[in-house]
Amino acid sequence: MGKRSRAERLVKVRGRRKRIALVAGAAAVVVLAIGGVLVGSALRTSAEPVSAEPETIMLAADASPTATRSALTSESVLPVEVPPLTGMPVDEATVLLEAVGLAVTRVGTPAGELTPGLVIDQSPEPGERLTAGSVVTLTFADPEAVVSTATPRPAGPVVCIDPGHQATADTDPEPVGPGAAETKAKVSGGGTGVTTGVREHELNLVISLKVKERLERYGVTVVMTRTTANVDISNSQRAQVANNARADLFLRIHADSSTNASVSGVSTLYPGGNDWVAPIRLRSLRAAGLIQREVLASTGATDRSLAERADIAGFNWATVPSVLVETGFLSNPAEDKKLAEEAYQDKIADGIARGVLRYLGVTE
Ligand SMILES: [Zn+2]
């Protein structure tokens with residue numbers, strides 16, 4: 001492809017970006033106006049466990065998803081049209097998506113006969129309309145990707161692992177679910193070890209990578225929402241990474257905190273109690289039960305049981321079965337120390353992986 005045609009395409013891209021930015025701005029005004037009407041209505045009560053994990057409500061309005069959805073189900077809340085990106089250099093496609101307010105996940109696949117660096121597939125498809133901040137997955141021909149004899153799309157199970165939090169919190173609001181007026185911080189800062197000073201986002205990533213390694217041993221394809229600390233990925237975007245990967249399970253890994261330093265143990269959260277997650281509730285519950293049981297068997301930790309949650313953005317945006325494992329309390333001095341030990345991290349990872357494999361029907 002010649003230099004001139006590339007330049008021409010960039011000019012086209014800039015024009016399109018301006019148009020989409022204008023549409024997005026107008027839609028934001030509509031959303032703000034509707035949000036303003038809803039603020040002041042009753043705060044929803046929920047049967048939450050004592051811990052404040054993992055997402056803190058910033059602004060609560062009537063969260064009835066059916067009410068907010070019917071008020072907002074118009075094209076005005078889906079302001080961004082996904083542009084056609086296949087055949088475009090992946091760097092250029094990334095710039096284009098970010099410029100219109102969409103987030104990007106890039107998945108490299110062996111280049112083979114394809115031109116390295118070009119986008120060969122995208123999800124969602126061109127022409128679909130999304131809310132700002134939605135994730136588009138670009139599959140591109142990656143000369144560094146290992147050539148595999150397998151088919152491009154994995155035949156076996158796929159698990160999306162989300163190591164909770166990140167180095168710096170992003171307190172900008174995002175809707176708690178699709179079309180919701182209620183918002184939460186995009187991603188909170190997470191806890192800190194009361195004795196060790198270990199940050200939760202670091203611990204979550206260490207354990208997540210251990211789980212990844214264990215699952216891959218059994219042929220599971222693992223998609224990570226992040227592999228470093230210095231990212232800015234909201235909880236809804238994390239769910240969309242799992243959705244776009246068509247994951248069999250969205251596995252979120254966190255550690256807990258409480259104002260009561262004596263509280264310790266493991267719990268596993270699963271989505272339930274609202275219309276958004278009704279389609280994934282039962283499968284999520286099954287996965288949560290298997291994982292909780294195996295982590296307890298492997299660690300001997302206190303059983304803080306399963307918890308159904310309607311208020312977690314990372315669940316409400318998910319269209320695939322989802323669980324969130326709270327691996328222990330950073331606010332408990334003894335458990336904090338244990339969580340920092342690699343031998344204990346291995347036990348947690350063994351338990352989580354075993355539970356996931358049982359859920360997937362993979363025999364060890
Ligand atoms: Zn957390």
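Predicted model: local features only at pLDDT ≥ 70, side-chain atom pairs only at ≥ 80, totals over all residues.
Residues are numbered from 1 along each chain as its sequence is written, and side-chain values use heavy atoms, with hydrogens and water left out. Helices (H or I, at least four residues) and strands (E, at least two) are DSSP runs, numbered from the N terminus.

After the helix comes Gly 219, with a positive phi near 80°.

The whole structure holds 13 salt bridges, each being a side-chain nitrogen of Lys or Arg within 4 Å of a carboxyl oxygen of Asp or Glu.

| Salt bridge | N to O distance |
|---|---|
| Asp 162 and Arg 252 | 3.3 Å |
| Glu 342 and Lys 210 | 2.6 Å |
| Asp 350 and Arg 214 | 2.5 Å |

Asp 350 belongs to helix 9 and Arg 214 to helix 4, and this pair links parts of the chain 136 residues apart. Arg 214 counts as buried because its relative accessibility is 9%, whereas Asp 350, at 28%, counts as partly exposed. Lys 210 is likewise buried, with a relative accessible area of 10%. Lys 210, Arg 214, Glu 342, Asp 346 and Asp 350 are linked in a network of salt bridges.

The side chains of Asp 162 and Arg 252 meet in a salt bridge elsewhere in the fold; the pair joins strand 7, which holds Asp 162, to strand 11, which holds Arg 252, across 90 residues. Both Asp 162 and Arg 252 are buried, and Arg 252 has 0% relative accessibility.

**Strand 6 and its neighbours**

All 8 of the 8 residues of strand 6 (residues 135-142) are buried, so this strand is largely enclosed by the rest of the structure. One side carries Val 135, Thr 137, Thr 139 and Ala 141, and the other Val 136, Leu 138, Phe 140 and Asp 142. Strand 3 (residues 103-110) runs parallel to strand 6 and is joined to it by 8 bridges, with strands counted as paired if DSSP finds at least two bridges between them; Thr 105 has Thr 137 as its bridge partner. Strand 4 runs antiparallel to strand 6, with 4 bridges, and Asp 121 stands opposite Thr 139.

**Backbone exceptions**

Most residues other than glycine have a negative phi, and most peptide bonds are trans. His 165, however, has a positive phi of about 70°; it lies in the loop between strand 7 (158-163) and strand 8 (170-175) and is buried, with a relative accessible area of 2%. Ser 305, in strand 13 (residues 303-309), has a phi near 65° and is partly exposed at 35% relative accessibility. The peptide bond from Ser 123 to Pro 124 is cis, with omega near 0°, and Pro 124 sits in the loop between strand 4 (119-123) and strand 5 (129-130).

Key. Buried < 20%, exposed > 50% of the residue type's maximum accessible area, 1.4 Å probe, protein only.
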